[in-house]
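Colleague: I would like to go through this model and hear what stands behind each label. Please give the cut-off whenever you use a term.

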Amino acid sequence: MHRWPVTCSTTPVAPACSDADVTDEVSATDPEVEDPVREVGVGPHPTPWPDDARLDPDLLANGDRRNVADRYRYWTNEAIVADLDRRRHTFHVAIENWQHDLNIGNVVRTANAFNAAAVHIVGKRRWNRRGAMVTDRYLHVDHHEDVASLSEFATSERLEMIAIDVVPGAGPIETVSLPERALFVFGQEGPGLSPEALDAASMVCSIAQYGSTRSINVAVAAGIAMHTWIRQHADAPPAG
Ligand SMILES: C[S@@+](CC[C@H](N)C(=O)[O-])C[C@H]1O[C@@H](n2cnc3c(N)ncnc32)[C@H](O)[C@@H]1O
């Protein structure tokens with residue numbers, strides 16, 4: 001089993017985000033001031049190129065500017081998906097999409113980061129891909145007409161459906177034991193989860209809040225739920 005390191009490094013490391021994700025203000029003494037438009041990723045690969053079928057000749061020739069982990073530099077998209085498929089986690093994520101929720105892209109991006117088995121869109125098929133930052137290329141996004149179809153899928157895959165929402169009777173996700181084969185279902189901004197989704201779930205969990213607002217953004221809630229599963233079930237992530 002690949003164990004988590006016990007301590008955190010105190011050595012400063014390069015930021016894990018790409019420039020495409022973050023806009024930082026730079027000071028006059030910052031070396032980046034000379035060249036504020038830094039390119040993300042890597043340039044053309046020196047020749048001779050490695051003999052590896054996973055590598056994309058076009059990326060080797062022109063450079064790889066995608067927002068991918070270093071271990072995937074120059075790999076074809078298909079090779080990356082195949083590698084992720086070999087070690088996908090056993091949790092799925094579903095989000096209801098009755099009103100074209102703009103947060104779905106962000107949920108997809110986080111599901112990719114935590115290597116979810118798949119994301120399921122319930123309701124309208126079309127969803128706004130903007131927040132996904134093209135991460136939907138690297139994971140499986142399925143569509144279900146309604147909650148009944150999602151529920152059938154969960155039964156056929158032996159997944160326990162867990163509704164995540166702020167509703168009376170919900171258990172605190174902070175202390176609950178999440179099942180290894182889990183399907184988290186999230187509701188929409190505004191209405192929250194549909195009664196059908198709440199009925200279909202075997203467990204309902206909420207995230208503790210301490211401020212004045214009733215709820216948090218659904219993509220944030222999805223990130224917290226996924227990471228709670230990771231803390232309970234996942235091994236340390238691959239290096240690089
Ligand atoms: C903005 S909330 C919907 C409103 C919420 N049903 C209410 O009563 O105010 C949208 C979705 O985000 C998720 N969510 C937001 N805050 C949450 C919390 N504290 N605990 C669990 N889920 C939450 C749920 O999936 C919810 O359906």
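Colleague: Which residues is V107 in contact with, beyond its neighbours within four places in sequence?

Modeller: V107 is in contact with V93, I95, V119, F186, A219 and A222. They are called contacts because the C-beta atoms, placed from the backbone, lie within 7 Å. This is a predicted model, where local features need pLDDT of at least 70, side-chain atom pairs count only at pLDDT 80 or more, and totals for chains, interfaces and linings use all residues. Residues are numbered from 1 along each chain as its sequence is written.

Colleague: What makes a nonpolar core, and which residues have the most contacts inside the largest one?

Modeller: A nonpolar core is a set of buried Ala, Val, Leu, Ile, Met, Phe, Trp, Tyr and Cys residues joined through C-beta atoms within 7 Å. The largest has 44 residues, and V93, V107, I162, F184 and V185 have the most contacts inside it. Helix 6 (residues 218-233) gives the most to this core, with 7 residues. In soluble globular proteins, nonpolar side chains tend to be buried together.

Colleague: How many residues does the chain have, and what share of them counts as buried?

Modeller: The chain has 240 residues, of which 29% count as buried. Buried means that 20 or more other C-beta atoms lie within 10 Å of the residue's own; exposed means 12 or fewer, and partly exposed is in between, with C-beta atoms placed from the backbone.

Colleague: Why is R158 called exposed, and why is V134 called partly exposed?

Modeller: R158 has 9 C-beta neighbours inside 10 Å, so it counts as exposed. V134 has 14 such neighbours, so it counts as partly exposed. R158 lies in the loop between helix 4 (147-156) and strand 4, and V134 in the loop between strand 2 (119-123) and strand 3. Phi is positive in each of these non-glycine residues: near 55° for R158 and near 60° for V134.

Colleague: What makes P44 partly exposed, and which residues does P44 touch beyond four places in sequence?

Modeller: P44 has 13 C-beta neighbours inside 10 Å, and therefore counts as partly exposed. P44 sits in the segment before helix 1 (57-62) and touches L60, A61, N62 and G63. Its C-alpha atom is 10.0 Å from that of P57, 13 residues apart along the chain.

Colleague: Why does R54 count as partly exposed?

Modeller: R54 has 14 C-beta neighbours inside 10 Å, so it falls in the partly exposed class. R54 is also in the segment before helix 1, and, neighbours within four places aside, is in contact with W75, T76 and A79.

Colleague: What is the strand order of the open sheet, and which are its edge strands?

Modeller: The open sheet of 7 strands has the order 3-2-1-6-4-7-5, with parallel pairing. Strand 3 (141-144) and strand 5 are the edge strands, since each pairs on one side only.

Colleague: Which residues come nearest to the ligand?

Modeller: Of the 17 residues around the ligand, G187, G192, S215, V218 and A221 come nearest. Near means a C-beta atom, placed from the backbone, within 6 Å.

Notes
Helices (H or I, at least four residues) and strands (E, at least two) are DSSP runs, numbered from the N terminus. Two residues are in contact if their C-beta atoms, placed from the backbone, lie within 7 Å. Two strands pair if DSSP finds at least two bridges between them.
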